[in-house]
Amino acid sequence: MSSRSNRLLMSESYILHDGTLPDTHMHTHAAIILMVSRGRPLLIETQAGSRYACHSVLINAGVTHRLLSGHEALSAWYIDITTPFAAYLRQHYFQSGPILPDLLALSTRTILHQRAPDFARFLGCFAGFHAADYAIDARLQASVLLMRQWQRMPEVAAACCLSPSRFSHLFSEQLGVAFRQYRLWQQACVFLRHFQAQHSLTHQALEHGFSDASHLSHSFRKLVGLSPSEVVGNYKCVEWLAL
């Protein structure tokens, strides 16, 4: 499958990759990920040296790992940690560990791959999930909206009526990653959504809250294990879905 056949769909809460990915460096997502192979098993390696060969894998946010895919076709769903679905996964799945290999049965993987993957079909695989039953702390929900204005943590904490230390602890405890890491993840997502090939990387880095192109590249390698050019060059276009 060529990069021109790869799809990247984005919404406020989810990102969906469908196609191939190059092998990555060690990185730490600020999102929950479910990857499903369309063929041979995926190989996941953690920073601690553990290896998982599996046809599907659910990885919690904040877990340092790399993908050794051999350019196998796969679908990958990236789930924002502030969503009700992320709260559902934390409550019902990650109690047994941060990496869950072969979570999905063959029949479920077949359903997901019968047609082009989408968000509704993905969520339908988890019959026990009802959004109204799961929510994060209202103060953390408010902080996400403030974060989109590129405000720093002391400002966000104050707006949530919390001290910076209490806010930092609450954020990490409930969502599994530090505020700063999640803020970088959001900036990277905004960069991808609005990427324009005709503009310089430096211009777009500054426009989306990074100090310079080097800061953008370093952040991408830490967050996804690939450079910005490797990511955007993997897709013909980025599709935006308002869900």
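Which residue in strand 10 is the bridge partner of L58? The legend to Figure 1 gives the answer. The structure is a predicted model, in which local features need pLDDT of at least 70 and side-chain atom pairs count only at pLDDT 80 or more, while totals for chains, interfaces and linings use all residues. Residues are numbered from 1 along each chain as its sequence is written, and side-chain values use heavy atoms, with hydrogens and water left out.

**Figure 1. Strand 7 and its pairing with strand 4 and strand 10.** Helices (H or I, at least four residues) and strands (E, at least two) are DSSP runs, numbered from the N terminus. Two strands pair if DSSP finds at least two bridges between them. Strand 7 pairs with strand 4 in the antiparallel sense over 4 bridges, and L58 of strand 7 is the bridge partner of L34. Strand 7 also pairs with strand 10 (residues 99-101), again in the antiparallel sense, over 3 bridges; in strand 10, the bridge partner of L58 is L100.

**Figure 2. Side chains of strand 7 (residues 56-59).** In a regular strand the side chains alternate between the two faces of the sheet. Here S56 and L58 point one way, and V57 and I59 point the other way. All of these residues are buried, a term that means under 20% relative accessible area, with exposed meaning over 50% and partly exposed in between (1.4 Å probe, protein chains only).

Figure 3. Helix 9 (residues 213-224) has 12 residues and reaches 16 Å from its first C-alpha to its last. This span is close to the 16 Å expected at 1.5 Å a residue, where the expected span is 1.5 Å times one less than the number of residues. The buried residues of the helix are A213, L216, S217, S219, F220, L223 and V224.

**Figure 4. The salt bridge between E72 and R40.** A salt bridge is a side-chain nitrogen of Lys or Arg within 4 Å of a carboxyl oxygen of Asp or Glu, and a search of the whole structure finds 6. In the pair shown, the closest N and O atoms of E72 and R40 are 2.6 Å apart. The pair links distant parts of the chain, 32 residues apart: E72 is in the loop between strand 8 (64-68) and strand 9 (73-80), and R40 is in the loop between strand 4 (31-37) and strand 5 (42-46). E72 counts as buried at 15% relative accessibility, whereas R40 is exposed, with a relative accessible area of 57%.

**Figure 5. The salt-bridge network of E45, R51 and R66.** E45 forms a salt bridge with R66, and their closest N and O atoms are 2.6 Å apart. This pair links E45 in strand 5 to R66 in strand 8, 21 residues apart. E45 is buried, with a relative accessible area of 12%, and R66 counts as partly exposed at 26% relative accessibility.
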